[in-house]
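Below is a short note for a colleague who has not seen this structure before. The points are numbered and can be read beside the model.

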Amino acid sequence: MNTVPYKMIGKDVSVYYGEKRALFDVNLDIRENTVTALIGPSGCGKSTFLRTLNRMNDTIENCRVTGKITLDEDDIYDPSIDVVELRARVGMVFQKPNPFPKSIYENVSYGPRIHGLARTKAEFDEVVETSLQKAGLWNEVKDRLHEPGTGLSGGQQQRLCIARAVAVSPEVILMDEPCSALDPIATAKVEELIHELRANFTIVIVTHSMQQAARVSQRTAMFHLGNLVEENDTDKMFTNPDDQRTQDYIMGRFG
Amino acid sequence: MTHAHITSAFDEELKYLTRRISEMGGLAEQMVADSVRALVNSDLALAQKVISDDAILDDAERQIGEKAIVTIAKRQPMASDLREIMGSIRIAADLERVGDLGKNTAKRVIAVAGSGIPRKLARGLEHLAELALVQLKEVLDVYASRSPEKANSIRERDEEIDAIYTSLFRELLTYMMEDPRNITPCTHLLFCAKNIERIGDHATNIAETIYYMATGAQPQGERPKDDTTSTLGSVID
């Protein structure tokens, strides 16, 4: 595990919402082709940290980020960085499936279109098919690509959102509680998908389910009150964590 | 320092396992002590009691196993909670085996009763049993305290039991060579000695399990061994 190169490096990352400080000098490195789970109680800063990785915090007024985050060698907060291009490299899947109110086909082809990744009909057809394949949705939707994405079940919608994220060939995929609105079967399919996506992408996932973190990730980072308290191999984290706060949290004990 | 669970029913389930293990431990101790007493005093009634007590221990192990399975399914325990439950299953299995060994000794009481046991041999067996019982008692105390240091020190003491067992083994062989009529009772006694020696091994297993429950790591190093009976024949020849 320790020889895996780092895809993203977070150094002394702090986030302020106005006067309120939400993250305190977090140093967390994200390994390539690895699933990193961010866990911790509500308000601990895990989602805030996740959003710093593709500058989603930029959209929040009064939000200020200090410290340094690099993607490969690039400082993603450098003024010369094109945020739209950054978000193509670092994609995101949200808690609630949020397909565009358009057809399944257009949901997936939208990203490649605005980023100019496909031009001809054949190219679009191909990127739509391979993205839906990667998201494990192709067989379920191939005969109704022109029906609205919003007509799919919750689990299918979430996989459509993953297909949409995958379509622009990102390097990193951020997932903010991607299964919290899904039933156990849909959750299992998404987890299986995460497992497969890991071969080609670097994944960072925020989850409130300890079992999910234990199942899908190789590395786990535990946040508490805006601090990173422990980062460890997932196997170690859930059988014998080093930090008392991690121990109490994952075992459901009073902290 | 560990806090209570947010779900108090989970704490109750863990407490149930701890309580049942302690009960099993107490009964196993009693059975071992009774079986050796029955043997040296040729007390058939006591032997019979040990044999029937074993069923209680078997039931307890099954109940602990079932409760552990249900708790895992319901709570999906993590970290030390998970180790606690897995440890309970293993310790219950070791204690159940201790009960079996006591029962086996008790069954041999009838066979040995007719010929009587030479005083010297009886003393040796009693001494071996004392040591095994001290180990069992101490390991059960460590189970209550969860001290990894004490668990490790118990593990290191199994050597003493092995050494005494080896000397009993020699002694029994000598008796058998002196008079072939000794062969039947001495063979039974040899099995009894072996039973008691195995109890020490189970106590050591339990100590290792407790160490793992407390620390999440396996105890380091080989366990010390002084049981050389597997090569003894060549020495006698």
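1. Two strands count as paired if DSSP finds at least two bridges between them. Strands (E, at least two residues) and helices (H or I, at least four) are DSSP runs numbered from the N terminus. The model is predicted, so that local features need pLDDT of at least 70 and side-chain atom pairs count only at pLDDT 80 or more, while totals for chains, interfaces and linings use all residues. Residues are numbered from 1 along each chain as its sequence is written, with chains lettered from A and ligands numbered from 1 in the order in which they are written.

2. Chain A holds an open sheet of 6 strands in the order 6-7-8-3-9-10, with mixed pairing. Strand 6 (90–93) and strand 10 (227–233) of chain A are at the edges; each has a single partner strand, so one side of each lacks a neighbour in the sheet. From one strand to the next the twist averages 20 degrees.

3. Strand 7 (residues 172–176) and strand 8 (residues 202–206) of chain A run parallel and are joined by 5 bridges. In this pair, A:Val172 stands opposite A:Thr202 of strand 8 of chain A. Helix 6 (residues 154–167) of chain A packs on the sheet and touches strand 6 and strand 7 of chain A. The direction of helix 6 makes about 170 degrees with that of strand 6 of chain A. Axes here are lines fitted to C-alpha atoms, for helices over the stretch in contact, and angles run from 0 to 180 degrees between N-to-C directions.

4. How many residues of strand 3 of chain A are buried? The count is 5 of the 5 in strand 3 (residues 35–39), so this strand is largely enclosed by the rest of the structure. Buried means that 20 or more other C-beta atoms lie within 10 Å of the residue's own; 12 or fewer means exposed, in between means partly exposed, and C-beta atoms are placed from the backbone. A:Val35, A:Ala37 and A:Ile39 point one way from strand 3 of chain A, and A:Thr36 and A:Leu38 the other way.

5. Strand 3 of chain A pairs in the parallel sense with strand 8 of chain A over 4 bridges. Strand 3 is also joined by 4 bridges to strand 9 (residues 219–224) of chain A, again running parallel. A:Leu38 stands opposite A:Val206 in strand 8 of chain A and opposite A:Ala221 in strand 9 of chain A.

6. A:Glu177 is in the loop between strand 7 and helix 7 (184–197) of chain A. This residue counts as buried because it has 20 C-beta neighbours inside 10 Å. Apart from neighbours within four places in sequence, A:Glu177 is in contact (C-beta atoms, placed from the backbone, within 7 Å) with A:Gln95, A:Val206, A:Thr207 and A:His208. A:Glu177 and A:His208 are 31 residues apart in sequence and 7.0 Å apart in space, C-alpha to C-alpha.

7. Helix 3 (residues 104–114) and helix 4 (residues 121–134) of chain A pack at about 110 degrees, with their axes 9 Å apart. Helix 3 and helix 4 of chain A are therefore roughly perpendicular to each other (65 to 115 degrees; under 35 is roughly parallel, over 145 roughly antiparallel and the rest oblique).

8. The contact with chain B takes 14 residues from chain A and 13 residues from chain B. Helix 8 (210–216), helix 9 (234–239) and helix 10 (244–250) of chain A each give two or more residues to the chain A side. Helix 10 of chain A supplies the largest share, 3 residues.

Conventions
Two residues are in contact if their C-beta atoms, placed from the backbone, lie within 7 Å.
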